[in-house]
Amino acid sequence: MAAEGEYESILCVKPDVNVYRIPPRASNRAYRAADWKLDSPDWSGRMRITAKGQMAIVKLEDKVSGELFAQAPITEYPGVSVETVSDSSRYFVLRIQDDSGRSAFIGVGFEDRGDAFDFNVSLQDHFKWVKQENEISKNAHLVDSGPKLDLGFKEGQTITLNIGQGRKKDKPRPLSSGGFGLLPPPPGGKIVPPPLSGPSNHNIMPQTGDTATACLLELDSSNSNTVVQSNASSDLWGDFSAPASSVPPSSRPENAGNWMQF
């Protein structure tokens, strides 16, 4: 039963529902809506399904005044308080109960199949929630009844903390003057010397004339054009080795004596 301090919530409201007086059950077979007088219901009104604690209550009320016609407290579903019929999904059998504890079985039906579906789902969802709450409460009781883990310090027990002794950080590698770190050579390897400079850009012209007097003169080692000229009858060094006395007198400057005075 619901406790006095619990609030009542509304699960579902259906404005049109019919109530039928059903004959007593002669055997254990299921109820059949075809045995009822479906064309002439004994009462018509609205249905309101509420929940108070773990119990659901189906209330049949007047559409206009809201006066209570009958109510059916439900503690489990499916169960004795609400049963389905074997020949239709729109009709159910309710066990109504008054304040004095007397109970009776009546038939209820919906004109719309969707209203019957909502009625069924509302009760299923509520009692699914009740089942989950019972499991949670049971598990919590088992945890409380089990031995508790004592994580407190015993008398005389101490603990030591090492503060400021973290991992040593790696020292940064020294940088070169250019600001870039030097990579170490590969282990066990040899340093390969840099490749030689490319071929020089010399243009050599072939010799002409006698091969005995050929000579190569290299004027620029990086980018020069070497021209080799040969002549069997001329001396290559004649113009540079000839003394000043060999120059004809007519070609000497007239004021050569001025150099001696200076």
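Q: What should I know about the model before reading on?

A: This is a predicted model, in which local features need pLDDT of at least 70 and side-chain atom pairs count only at pLDDT 80 or more, while totals for chains, interfaces and linings use all residues. Residues are numbered from 1 along each chain as its sequence is written, and side-chain values use heavy atoms, with hydrogens and water left out.

Q: How do you know how confident the predictor is in the protein chain?

A: By pLDDT, the predictor's confidence in each residue, from 0 to 100. Its mean for the protein chain is 75, and 58% of the residues reach 70 or more. Over residues 207-233, pLDDT stays under 50. Where pLDDT is low, the predicted coordinates should not be read in detail.

Q: What makes up the secondary structure of the protein chain?

A: There are 3 helices and 9 strands. From the N terminus on, the order is β-β-β-β-β-β-β-α-β-β-α-α. Helices (H or I, at least four residues) and strands (E, at least two) are DSSP runs, numbered from the N terminus.

Q: Why are strands E1 and E2 called a pair?

A: Two strands pair if DSSP finds at least two bridges between them. E1 (residues 8-21) and E2 (residues 43-52) have 9 bridges, in the antiparallel sense, so they pair by this rule. E1 also pairs in the antiparallel sense with E7 (residues 103-109), over 4 bridges. Val-19 has a bridge partner in each of these neighbours: Trp-43 in E2 and Val-108 in E7.

Q: Why is Trp-43 called buried?

A: Buried means under 20% relative accessible area, exposed means over 50%, and partly exposed lies in between (1.4 Å probe, protein chains only). Trp-43 has a relative accessible area of 16%, so it is buried. Buried residues make up 20% of the 262 residues in the protein chain.

Q: What does Trp-43 touch, not counting residues up to four places away in sequence?

A: Its contacts (heavy atoms within 4.5 Å) include Val-17, Asn-18, Val-19, Leu-60 and Phe-69. The C-alpha atoms of Trp-43 and Asn-18 are separated by 5.9 Å, although the two residues are 25 apart along the chain.

Q: Glu-83: what makes it partly exposed?

A: Its relative accessibility is 22%, so Glu-83 counts as partly exposed. Arg-25, with a relative accessible area of 37%, is partly exposed too.

Q: Which residues form salt bridges with Asp-35?

A: Arg-29 does, with the closest N and O atoms 3.8 Å apart, and so does Arg-32, at 3.2 Å from N to O. By the salt-bridge rule, the count comes to 10.

Q: Is Asp-115 buried or exposed?

A: Its relative accessibility is 16%, so Asp-115 counts as buried.

Q: Why is Phe-153 called exposed?

A: Its relative accessible area is 58%, so Phe-153 is exposed. Phe-153 lies in the loop between helix H1 (113-145) and strand E8 (203-204).

Technical notes. A salt bridge is a side-chain nitrogen of Lys or Arg within 4 Å of a carboxyl oxygen of Asp or Glu.
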